[in-house]
Amino acid sequence: MKTALTGIKPTNIPHLGNYLGAIRPALALSESYRTAYFIADYHALTTVRSPTDLRRFVYDVAATWLACGLDPDKTLFYRQSDVVEVFELTWILSCLLATGQLERGHAYKDALAKGESPNAGIFNYPVLMAADILLYDTDLVPVGRDQKQHLELCRDVALRFNHLYGETLVVPDALIGDAPLVPGTDGTKMSKSKGNSIPLFESSKTLKKAVMSIATTSEPLEAPKDPEGSTVVALYRQVAGDEAAQVLEAKLRAGGYGWGHAKQDLLEALEAELGPKRERFHALRKDEALLDRLLAQGAEKAREKARATMDRVRRAIGIRG
Ligand code: TRP
C-alpha cells in the first residue's frame with residue numbers, strides 16, 4: 001500500500017472551507033492509502049507569534065480532525081515538533097539546495113513584493129516541508145494548488161540526493177486536490193482572514209447567523225431564480241451532494257421558493273453533516289490530556305520510521321559508517 005502524507009498548519013481553528021476542501025478529501029484517502037497526517041506546528045511558527053495561540057490552534061486542529069473521523073489506529077497522526085529528526089534532514093537537504101531556488105519561492109517572493117521583510121523561516125519553509133515528506137518515504141502528497149511549487153522543490157531535492165548519494169529517498173508525487181472551491185458568505189473563496197468563513201463547530205445559532213448572512217440576489221419570493229453562480233447552491237451541493245442540489249435548483253427555477261428557503265435547506269444539510277461531529281469536537285477539545293496522549297502515541301510511531309530513514313541518510317552522506 002502506498003503512503004499518502006500531508007501537513008496541516010495550525011494557524012487558525014479550521015472552518016467549513018477547510019473541512020470540505022481538505023479534511024473530508026484527506027480522510028477519504030485513508031480508504032486506499034496508508035496515511036500520515038501531521039500538525040505542522042513549526043511551519044506555523046513562521047507567522048504565529050503568540051504562544052497561547054499556537055498551543056490553542058494545535059489542539060483545535062487535532063480535535064477537529066479526530067472529530068471529523070480521523071482514526072489514529074489507521075492514520076499516523078502526530079505533531080511535527082515531536083519528531084526532531086526532521087530538523088536533521090532539513091539541514092542536510094538545505095546543503096543540496098541553491099539559495100536561488102528558495103529565492104524563487106512564491107511565498108517568499110510575494111512577501112518581498114509587498115515590501116515586507118520575511119523572516120528566514122519563510123525563506124526556508126520549503127526545505128522543512130521537503131524533510132517532512134522525505135522522512136517518511138512518502139509516495140503521494142495531497143495538497144492544494146498553492147503548494148505545488150513546494151512539492152516540485154521537494155522532488156528536485158530528493159532526485160538530487162539520490163543522484164549524488166545513490167537511491168536513498170522516495171521521490172513523491174503531488175496530488176493536487178480537485179475539490180471545488182468553497183465560497184464564503186460573500187461568494188469569494190472562504191478564508192478566515194477575509195471574515196467570510198462559516199464556522200465548523202460553533203453553536204447552531206452562530207452557524208445559522210453565518211448562513212443567513214450569505215449574499216444572494218433579491219428577487220421577490222414568487223420570481224423564478226437562477227441558481228447558477230449562487231453561493232447558497234454551491235455550498236449546498238458540496239454538503240448535500242449533486243442529487244439534492246439538483247432538487248434545490250429545480251425549486252428555485254420554478255419560482256415561489258425564496259433564497260431564505262434555500263438557506264434553510266443549507267442549514268439543515270450542515271446540521272446533519274456537522275451536528276454529531278460538533279459534539280465529538282467539544283468532548284475532545286475539552287480533554288487536552290487525551291489529545292496529548294494520542295499525539296504522543298503517533299509521534300512514537302512516526303519517530304520509529306524517521307529514525308530508520310535517518311540511518312539510511314546518514315550512512316549515504318558519510319556522516320556514519
Ligand atoms: N505548507 C503546507 C500548507 O501550508 C503545510 C505543510 C507543511 C505540508 N509540511 C507539509 C503539506 C508536508 C504537505 C506535506 O498547507
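1. Asp137 sits in the loop that links α7 to β4. This is a predicted model, and the backbone at this residue deserves a look. Asp137 has a positive phi of about 50°, although it is not a glycine. The residue counts as buried because its relative accessibility is 14%, and the cut-off for buried is under 20%.

2. β1 (3–8), α7 (120–134) and β4 (140–143) each supply at least two residues of the shell around the ligand. Helix α7 gives the most to this shell, with 4 residues. The loop holding Asp137 therefore runs between α7 and β4, by the helix and strand runs as numbered from the N terminus.

3. Which residues come nearest to the ligand? They are Gly7, His43, Tyr125, Asp132 and Gln147, of 14 residues around the ligand. Three of these are worth checking atom by atom. An N or O atom in the Tyr125 side chain is 2.7 Å from a nitrogen atom of the ligand. For Asp132, a side-chain N or O atom is also placed 2.7 Å from a ligand nitrogen atom. For Gln147, a polar side-chain atom lies 2.8 Å from a nitrogen atom of the ligand. How much of the ligand does the protein bury? Taken alone, the ligand exposes 360 Å², and the protein buries 89% of that.

4. His43 needs its own point. It comes nearest to the ligand along with Gly7, Tyr125, Asp132 and Gln147. Its place is in helix α2 (residues 41–44). Is His43 buried or exposed? His43 counts as buried, because its relative accessibility is 3%. Its side chain makes a polar contact with the side chain of Gln80, at 3.3 Å. Leaving out residues up to four places away in sequence, His43 touches Lys9, Gln80, Tyr125, Leu128, Met129 and Asp132.

5. Leu102 belongs to helix α5 (residues 99–103). With 6% relative accessibility, Leu102 counts as buried. Beyond four places in sequence, it touches Tyr108, Phe123, Asn124, Pro126, Val127 and Leu153. Tyr125 is 23 residues from Leu102 in sequence, and the two C-alpha atoms are 8.9 Å apart.

6. Now the packing. In general, nonpolar side chains of soluble globular proteins tend to be buried together. Here the largest nonpolar core has 53 residues, and Leu16, Trp65, Phe77 and Leu266 touch the most other members. Helix α12 (residues 259–286) gives the most to this core, with 9 residues. Both domain 1 (3–182 + 288–317) and domain 2 (201–282) contribute at least three residues each. Apart from this core lies another, of 40 residues, including Ala36, Ala40, Ile133 and Phe161.

7. Trp65 is one of the core members that touch the most others. What does Trp65 contact, leaving aside neighbours within four places in sequence? The partners are Ile8, Ala22, Ile23, Ala26, Leu27, Tyr37, Leu70 and Phe77. Phe77, one of these partners, is itself among the members that touch the most others.

8. The chain is divided into domain 1 (3–182 + 288–317) and domain 2 (201–282). Their C-alpha centres lie 34 Å apart. How many residues are in contact across the two domains? On the domain 1 side there are 13, and on the domain 2 side there are 10.

9. Asn12 is in the loop between β1 and α1 (16–29). It is partly exposed, because its relative accessible area is 30%. Residues up to four places away aside, Asn12 touches Phe57, Val61 and Lys192. Ala179 is 167 residues from Asn12 in sequence and 21 Å away in space, C-alpha to C-alpha.

10. Met1 lies in the segment before β1. At 68% relative accessibility, Met1 counts as exposed. Neighbours within four places in sequence aside, Met1 is in contact with Glu31, Ser32, Tyr33 and Arg34. Pro220 is 219 residues from Met1 in sequence, with 55 Å between the C-alpha atoms.

Definitions and conventions:
Residues numbered from 1 in each chain as written. Predicted model: local features only at pLDDT ≥ 70, side-chain atom pairs only at ≥ 80, totals over all residues. Heavy atoms only, no water. Core = buried A, V, L, I, M, F, W, Y, C linked by side-chain atoms within 4.5 Å. Buried < 20%, exposed > 50% of the residue type's maximum accessible area, 1.4 Å probe, protein only. Domains from an automatic or database assignment. Contact = heavy atoms within 4.5 Å. Near = heavy atom within 4 Å. Polar contact = N/O pair within 3.5 Å; in protein donor to acceptor, adjacent residues only side chain to side chain. Areas by Shrake-Rupley, 256 points an atom, 1.4 Å probe, with all protein chains shown as cover.
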